[in-house]
Amino acid sequence: MRGGRLPRDGRGSAGRGTGGEAAAVGTPAAAGRNRGAGRLLIAVYGIFAVAATARAVFQIATKFSEAPAAYSLTALAAVVYVLATVSLAKTGTLWFRTSVAAVGLELVGVLTVGSLSLLDPVLFPSDTVWSVFGQGYGFVPLVLPVIGLWWLYRHRPAAQVLGQSNPA
Amino acid sequence: MIVDGFVIAGLIVCLLSTVICLGAAIVRQPPNDITILSVAAVEVFLVVYLVSAVVRQSAGQAVSGEGWEFWGYLVTALLVPVGAFWWAVLERSRWSNIVLGAAGVTIFVMLVRMEQIWDGAAAI
């Protein structure tokens, strides 16, 4: 691969370690959201989108009647992860808002389901993505929305306009 | 889960790939031959695992758990290194190496799950 393929835009090379902030300078608003570390975030959301979707399909197809609430939540989690993955990868203010909604819903979901799964184990048998704050997935479902919201806050469209007029 | 040669080999290949990719990211390298080949090694391991699973299956040593869950995992796992490669080379930054490194971790977790299913663990 070496030398065989140039970075698409000439900005993706090594040494621009500060990532989004550096990439955002001189680019249209909100363009830095899906670059640099944002691509890692999208990749991790993508993995969870696939995992949650597959699990939801499996649970609903084979044993939905055993725990309808829990398995519906897996399906909801799958939708949230797919929406977060797609919206994080897209540019534009509308997709930014969609990202905030999806990632915010994920945080609310993991906190609510995590708490309820501890308080009422019968309602939520520990086999949803969000049970016990995502314990089955190394607590990544708990950490991911926090990082995601922080990333979105740092790359909010208004901040980038400010950043261009007042480089810091 | 029985810790057999596949688990040990998978652990070594996946861990090595992740360490190489994360190390390259730490020294601020974009994806290069070494990191991409380490992910290719993960894919080769999965192909070997696929072939041996087909051989074991057809030799009468069938999956103890849900068969279609096992094969679903395996087909998905085969796509992960390819997807990571595609996503990483679209933008060649140091972060792309962490994306490549995430493939190794993901595959090892999926391998553990596949081994559990093979040995007859209940479906999740």
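Colleague: Among contacts in chain B between residues at least 6 apart in sequence, what percentage join residues at least 24 apart?

Modeller: Two residues are in contact if their C-beta atoms, placed from the backbone, lie within 7 Å, and in chain B 81% of the contacts between residues at least 6 apart join residues at least 24 apart. This is a predicted model, in which local features need pLDDT of at least 70 and side-chain atom pairs count only at pLDDT 80 or more, while totals for chains, interfaces and linings use all residues. Residues are numbered from 1 along each chain as its sequence is written, and chains are lettered from A, with ligands numbered from 1, in the order in which they are written.

Colleague: Is B:Ile26 buried or exposed?

Modeller: A residue is buried if 20 or more other C-beta atoms lie within 10 Å of its own, exposed if 12 or fewer, and partly exposed in between. B:Ile26, which lies in helix α1 of chain B, counts as exposed because it has 12 C-beta neighbours inside 10 Å. Of the 124 residues of chain B, 42% count as buried.

Colleague: Which residues have the most contacts inside the largest nonpolar core?

Modeller: In soluble globular proteins, nonpolar side chains tend to be buried together. A nonpolar core is a set of buried Ala, Val, Leu, Ile, Met, Phe, Trp, Tyr and Cys residues joined through C-beta atoms within 7 Å. The largest one here has 65 residues, and those with the most contacts inside it are A:Ala43, A:Val44, A:Tyr45, A:Tyr81, B:Ala84, B:Val99 and B:Ile107. Its largest share, 13 residues, comes from α4(B). Not counting residues up to four places away in sequence, B:Val99 touches residues of both chains, including A:Leu40, A:Ala43, B:Ala84 and B:Trp87.

Key. Helix = DSSP H or I, 4+ residues; strand = E, 2+ residues; numbered from the N terminus.
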